[in-house]
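This briefing covers strand pairing, helix packing and nonpolar cores. Please consult the sequence and the model shown below.

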Amino acid sequence: MKKVLGLDLGTNSIGWALVENNQEVEAGKIIDCGSRIIPMSQDVLGKFDSGVSLSQTAERTGYRATRRLYQRDNLRRDRLHRILQILGFLPEHYSRNIDFENKLGQFKTETKLNYRCSPEGKHQFIFENSFLEMSQDLRNKGFDGKSIPKDWTIYYLRCKALTQRITKEELAWIILNFNQKRGYYQLRGDEVDTDINKEFVQLKVNSIKDTGSKVKGNKLYEVQFENGWLYDKLITKTENWHGQVKEFIVSTKTLKSGELKRTFKAVDSKQDWPAIKAKTENDIEGSGLYVGQYIYDHIIHHAAAKIRGKLIKTIERKFYKAELKAILDSQATYHAELKDKSTLNK
């Protein structure tokens, strides 16, 4: 009797059978058989079929790192909930949706601090008085936008808290807001590789000039920005350029003649974040304002401003820490809980 192992190799499975075969009497039997399914998602299978190898271990490590980040983020929030509950700063509708007995600081039901649900099922903004204060302040300072989002109230309160009393609930909203936006923290040995010849710039188009040349029947135009720089490429479509503010990563090179040559590249937020970070930090430092003041001052003059991911991108954590410390130092003069030793020991 002769034993034969047969294998069926697929992209995400292996089939096998061990058979016993006697060719003389043309008889045989299957001793055992089975299959092994390799768990792979469809995108991984697609890469495998294309000849791109991918380590399952590396993929699992990436997912595990993401889970840890979420876990730490939730742990920071839960601990902060417990602290604010001891201080008595949390709004009643918010605190009753948090478990302070079994899963300490965790949500029973995810709830927004700045909105409460009315008996009719409508969401009500709980800092309406501060919103009206902000609206009046913006109008007094020349704001000409058609509408004022209520979520901007957080920036007004961050400015107000530096010099005036705000309520405990408003202070809790600010502190939880800082808990979410923590900034970039550079660990030892994790230096940022920056190129001093590259910078992130926002340039407004000043003029578009017809060069008189054509390519494939399309006219070619030269773009000049308000600061006098010329775009290093000629364009054929002008509708997305007139009066627009464009973002670039600009590389500057000095030629032998002493002339400066600038190369404009579209912004890639994953690759170019060090340059974006440096530009944002320079703007904040140059203003002499805290981050909240810098944002509030900007929206006064730019009604359509987008804050998250646009005006303020990645910045060092020290900017947020300095503002939060200044706010707490100011509010400690109005709220005794922030200076009471027995409460702080708890």
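An open sheet is built from three strands in the order β1-β2-β3, with antiparallel pairing; strands (E, at least two residues) and helices (H or I, at least four) are DSSP runs numbered from the N terminus, and two strands pair if DSSP finds at least two bridges between them. The model is predicted, so local features require pLDDT of at least 70 and side-chain atom pairs count only at pLDDT 80 or more, while totals for chains, interfaces and linings use all residues. Residues are numbered from 1 along each chain as its sequence is written, and side-chain values use heavy atoms, with hydrogens and water left out.

- Strand β2 (residues 13–22) is joined to β3 by 10 bridges, and the two run antiparallel.
- Residue N22 stands opposite A27 in β3.

- Strands β10 (residues 245–254) and β11 (residues 260–266) run antiparallel and are joined by seven bridges.
- The bridge partner of T254 is L260 in β11.
- Five residues lie between β10 and β11 in this hairpin, and G258 in the turn has a positive phi of about 90 degrees.

**Packing of α5 and α6**

- Helix α5 (residues 153–160) packs against helix α6 (residues 168–180) at an angle of about 105 degrees, with the axes 10 Å apart; axes are lines fitted to C-alpha atoms, for helices over the stretch in contact, and angles run from 0 to 180 degrees between N-to-C directions.
- Helices α5 and α6 are therefore roughly perpendicular to each other (65 to 115 degrees).
- The contact (heavy atoms within 4.5 Å) involves T153, I154, L157 and R158 of α5 and E170, W173, I174, N177 and F178 of α6.

**Nonpolar cores**

- The largest nonpolar core has 50 residues, of which L84, Y296 and I312 touch the most other members; such a core is a set of buried Ala, Val, Leu, Ile, Met, Phe, Trp, Tyr and Cys residues joined through side-chain atoms within 4.5 Å, buried meaning under 20% relative accessible area (1.4 Å probe, protein chains only).
- Helices that each supply at least two residues of this core include α2 (56–87), α4 (128–140) and α9 (317–331).
- Helix α6 provides the largest share of this core, seven residues.
- A second, separate core of 14 residues includes I208, W229, F248 and F264.
- Not counting residues up to four places away in sequence, L84 touches F89, L90, A172, I175 and L176.

Terms used. Parallel < 35°, antiparallel > 145°, perpendicular 65-115°, else oblique.
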